[in-house]
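Please take a moment to look over the sequence and the structure below before reading on. The paragraphs that follow lead through them step by step.

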Amino acid sequence: MKKLILAFIAFASVQIANGQNVPQKLSEKVTVVFPTKPAERSANGATIFFATDKDSTKSYGALVFDLSAMGLMGDPIEMMGDGFWEQLKAGMSSQMAGANINKDMITKFKDKNSLYIEIDGANSSDENLKGKKAFGYIFFMGPVLHQVLYYSSNKEAKAADAQAFFDSVEIGK
């Protein structure tokens with residue numbers, strides 16, 4: 001009986017640990033909370049964090065890319081103006097493997113100038129976007145680009161579904 005109770009406690013502890021929110025430091029000044037521990041990988045100089053919810057219908061992503069290696073030393077929005085967002089959006093569109101940006105707007109996110117995007121991945125061949133909707137923000141801290149995205153396979157998904165994830169983003173001074 002004692003072994004059975006210990007086994008149950010161990011199993012329950014693992015399940016609780018897997019279901020807890022996990023704060024992830026993206027950069028020196030930015031942290032976001034994922035619903036589960038995100039996988040981390042590097043690609044073309046960027047660091048990407050990605051986690052899938054336990055029911056696999058929702059995913060959460062974050063990307064960090066330091067542009068100082070390309071010679072950019074300050075905030076590109078301050079240096080180049082809002083036209084930089086159009087250049088960024090065009091570059092993103094070319095890499096989304098058939099997904100479409102349905103909505104984009106320049107807005108404030110956590111008091112930072114940002115690009116808000118809504119993506120329709122119905123026709124995408126990209127593994128993360130295929131058949132999904134995505135909502136996200138892109139912003140800079142100096143020359144470091146940050147992107148947080150929420151993905152859903154629910155065709156009726158709305159930006160409000162991602163609000164808790166976006167609210168979890170903390171930006172230090």
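In which sense do strand β6 and strand β7 pair, and over how many bridges? In this predicted model, β6, which covers residues 100-109, and β7, which covers residues 112-120, are paired in the antiparallel sense, and nine bridges join them. Within this pairing, T107 has S114 of β7 as its bridge partner. The two strands form a hairpin with two residues between them, and in the turn K110 has a positive phi of about 55 degrees.

Of the 173 residues in the chain, 39% are buried, and among the contacts with a separation of 6 or more, 45% are between residues 24 or more positions apart. The accessible surface of the chain is about 10100 Å², with 53% of that area belonging to carbon and sulfur atoms.

The next feature to find is the largest pocket, which has a volume of about 1000 Å³. Its lining consists of 31 residues, and those nearest the centre of the pocket are I48, L63, M92, Q95 and Q147. Two or more lining residues come from each of β3 (39-43), β4 (46-52), β5 (58-66), α3 (83-93) and β9 (144-152), and α3 gives the most, with five residues. Sorted by class, the lining of this pocket holds 21 nonpolar residues, seven polar residues and three charged residues.

Technical notes:
Residues are numbered from 1 along each chain as its sequence is written. This is a predicted model: local features need pLDDT of at least 70, side-chain atom pairs count only at pLDDT 80 or more; totals for chains, interfaces and linings use all residues. Side-chain values use heavy atoms; hydrogens and water are left out. Two strands pair if DSSP finds at least two bridges between them. Helices (H or I, at least four residues) and strands (E, at least two) are DSSP runs, numbered from the N terminus. On a 1 Å grid over the protein atoms alone, a cavity is a set of points where a 1.4 Å probe fits but cannot get out, and a pocket is an open set with protein on both sides within 12 Å along at least five of seven lines; lining residues have an atom within 4 Å of a point. Grid points are joined across faces, edges and corners, and a volume is the space filled by probe spheres set on the points. Ala, Val, Leu, Ile, Met, Phe, Trp, Tyr, Cys and Pro count as nonpolar, Asp, Glu, Lys and Arg as charged, and the others, Gly among them, as polar. Buried means under 20% relative accessible area, exposed over 50%, partly exposed in between (1.4 Å probe, protein chains only). Contact means heavy atoms within 4.5 Å. Accessible areas come from the Shrake-Rupley method with a 1.4 Å probe; for residues, only the protein chains shown count as cover.
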